[in-house]
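Student: I have a structure to read and would like to learn how to approach its features one at a time. Could you take me through it?

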Amino acid sequence: MSTRHTIAVLVNDQPGVLQRVSGLFGRRGFNIESITVGQSEETGLSRMVIVTVGDEQTLEQIEKQLYKLIDVIKVINLSSNPMVARELALIKVNAEPSERPEIMGVVETFRAAVVDIGSHNLMVQVVGDTTKIDAMIELLKPYGIRELSRTGVTAMIRGNV
Amino acid sequence: MSAQIPEVRSTEQLREKWMKPEVITGSEILLRSLLLEGVECVFGYPGGAVLYIYDAMYGFEDFKHVLTRHEQGAIHAADGYARASGKVGVCIATSGPGATNLVTGIATAYMDSVPLVVITGNVATSLIGTDAFQEADITGITMPITKHSYLVRDVKDLPRIIHEAFHIASTGRKGPVLIDIPKDVSAALTLFEPSSNAVNLRGYNPRMVPNKLQLDKLVQAIQDAERPMILAGGGVIYSGGHEALYEFVKRTEIPITTTLLGLGAFPSGHELWTGMPGMHGTYTSNMAIQESDLLINIGARFDDRVTGNLNGFAPHAKIVHIDIDPAEIGKNVPTDIPIVGDVKTVLEMLNPEVSRADQADAWRAQIQKWKSEQPYRYQDSDTVLKPQWVIEMLNETTKGEAIVTTDVGQHQMWAAQYYKFNQPRSWITSGGLGTMGFGLPSAIGAQMAHPERLVISVNGDGGMQMCSQELAICAINNIPVKIVIINNQVLGMVRQWQELIYDNRYSHIDLEGSPDFVKLAEAYGVKGLRATNKEEARQAWAEALETPGPVVVEFVVSKGENVYPMVTQGSTIDQMLLGDA
């Protein structure tokens, strides 16, 4: 049964390491739904968070194949634990002055923020899990989304793990 | 006369010579580092981006450099050297086209887990990314087919990188490692201090010793099994585990099949050996796998050429998989008892725990019955030469003791079937990638590794023409390889598929226009002989064996011969075409 999995990969901060990881997914036919990468708590190491869809056997292969890369230090299946997953989106939405109060209502309900105002549009920043951002986008669509940029998911296991 | 390899001084001697830290160029660091890694010979081809390296090699005689005629020849030769010797093969090429010409050979080594260190030049760091003359992103191009790769940006990193590259290539699941050295890095000066520092790679810790609980499960499974079967692969040879395997079979008396790359891991004359499994394997091996209730895979990767249709592979068997690469376990076939570890280590731990499974007598009798009823067979002829007969003759005259390398195609399968291998590292063939052009250069490499042994390169008329330019290397270096060409004037394996699967629609397989191979050999200064019947074949081959240097022997064989048995795609391996012999 195919399900969504969130995997954290601790890698050496080397040139080309993102290419190694994403290339591995590509050539072995694994799916990448989102991939984010940035600094980790340790100098010289980056943390990638990859959201992928597949059955248990595929997930096992993904983990094992990742471990074959010399630059991969650790692979953690986050979604097998209680985790916090967040992504950020910037949404530039059409907003004539008359529509603004309505849009502000949506923004406040979602605890999002307006981070820029133009004469005919607003830029909204929203942080949350993927479903929240999907919902926000759905609600803003009727006004006309001019531009949308999502970061992809970053995530962490809850608690002392 | 045999190939000459200069005597290599011990690393201790070399270290002593260079003990005093010295400021030298990246190129000199490379050469010294190669020596410290114990390299005896490298195969290469110079060009603009590696000129500093070749300049440093001027007059350098501590290792032999073999100048091939094509980069593909260089890397296949390094590959053959590595497979024959068990050491790391090394090749050097320049940037751009030199590097991209290595791609086929890197992929070949990657698929068959062959340890190589591949050194390429690149344009100067300041020019990288500008589409400079002869620039190619070779680390990017080869990422999917290397175990690891390095683009050296600072000459100070070079000693560490070379040391790491050899370590990565030759440990765990072995494989090719690429080091891309920009031209300015090979020219830059830095302080070189030879050190014996252990490699410290946090993300790389191959697991040698298996989990004891899993081993216990296997011991129990062997005791419980009524129809156990061993499937042994190249991992046995790569780990040096052939003696431990022999001991394992002696203790358990479990019948054993060895894959294409596993040929030589177990003596072919042994009663319990059933030959090769899979697409062109023996009837016995395939039936035994399908009927077994315990299948012990030792260092093989369940390649699709071995398993046939996975739905229906070994349907009654409990599957055990021993492999150093955890990712191989469960990749193709669900595994009941996974054992991650070095094959030799695993078998040596296992051997004291196991003994003969007495209840399997009926099973062994069944195996013998299959063996006697359905051996490899062909219809011999007194008018035309049969390729199988030629291989049998090679086997008889050399008592199965030569190193045989092959190209890819029908002749490769016939060599695998009819030559009887009794020791590891005697059989060198491109298994996973099936690379045509591999036969001749890999034989050159194998002969460099073993100057004293008889090396036979078995080729088809197709593959021979993919790297025939390397005949020059045999001639000028007096490399005494015996180059056999099984000439059926056609791309035989393709012909076989077109006959059996594509309704005799023989599309573009006629090799009309091939050179006169005897004259081709002579043009390179190599002795050439031809045989068209058994009498000529025996004479020509005897003459080839008596001739000290390299010899090409062309055997003109019957055109329409097919390799049997054959499992066609989509079939399970017990559904074999057995041919009409």
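Student: How do the residues of the lining of the largest cavity divide into nonpolar, polar and charged?

Tutor: They divide into five nonpolar, one polar and two charged, where Ala, Val, Leu, Ile, Met, Phe, Trp, Tyr, Cys and Pro count as nonpolar, Asp, Glu, Lys and Arg as charged, and the others, Gly among them, as polar. Before we go on, note that this is a predicted model, in which local features need pLDDT of at least 70 and side-chain atom pairs count only at pLDDT 80 or more, while totals for chains, interfaces and linings use all residues. Residues are numbered from 1 along each chain as its sequence is written, chains are lettered from A in the order in which they are written, and side-chain values use heavy atoms, with hydrogens and water left out.

Student: Which residues line the largest cavity, and what is its volume?

Tutor: The general idea is that rolling a probe the size of a water molecule over the atoms shows where empty space is left. A cavity is a set of points, on a 1 Å grid over the protein atoms alone, where a 1.4 Å probe fits but cannot get out, and lining residues have an atom within 4 Å of a point; the volume is the space filled by probe spheres set on the points, which are joined across faces, edges and corners. Here the whole structure holds three cavities of 30 Å³ or more, and the largest has a volume of about 90 Å³. Its lining consists of Arg83(B), Ile237(B), Tyr238(B), Leu261(B), Arg425(B), Trp427(B), Ile428(B) and Thr429(B). The elements giving two or more residues to this lining are α11 (234–238) and β15 (427–428) of chain B, helices (H or I, at least four residues) and strands (E, at least two) being DSSP runs numbered from the N terminus.

Student: What is the volume of the second largest cavity, and which residues line it?

Tutor: Its volume is about 60 Å³, and the lining includes Tyr283(B), Arg377(B), Tyr564(B) and Pro565(B). By class, the residues of this lining divide into six nonpolar, one polar and one charged.

Student: Is the peptide bond from Tyr564(B) to Pro565(B) cis or trans?

Tutor: Most residues other than glycine have a negative phi, and most peptide bonds are trans. The bond from Tyr564(B) to Pro565(B) is cis, with omega near -5°, and Pro565(B) is found in the segment after β19 (551–556) of chain B. As for phi, Gln134(B) has a positive value of about 55° although it is not a glycine, and it is found in the loop between β5 (116–122) and α7 (138–142) of chain B.

Student: How many salt bridges are there over all chains?

Tutor: Side chains of opposite charge can pair when their charged atoms come close. With a salt bridge taken as a side-chain nitrogen of Lys or Arg within 4 Å of a carboxyl oxygen of Asp or Glu, a search of the whole structure finds 33. One of them joins Lys87(B) and Glu40(B) (3.0 Å, N to O); Lys87(B) lies in the loop between α4 (71–85) and β4 (89–93) and Glu40(B) in the loop between α2 (26–36) and β2 (41–44) of chain B, so the pair ties together parts that are 47 residues apart in sequence.

Student: How many salt bridges are there between chain B and chain A?

Tutor: There are two, including the one in which the side chains of Arg202(B) and Glu42(A) meet (2.8 Å, N to O). Counting contact as heavy atoms within 4.5 Å, 20 residues of chain B are in contact with 20 residues of chain A.

Methods: On a 1 Å grid over the protein atoms alone, a cavity is a set of points where a 1.4 Å probe fits but cannot get out, and a pocket is an open set with protein on both sides within 12 Å along at least five of seven lines; lining residues have an atom within 4 Å of a point.
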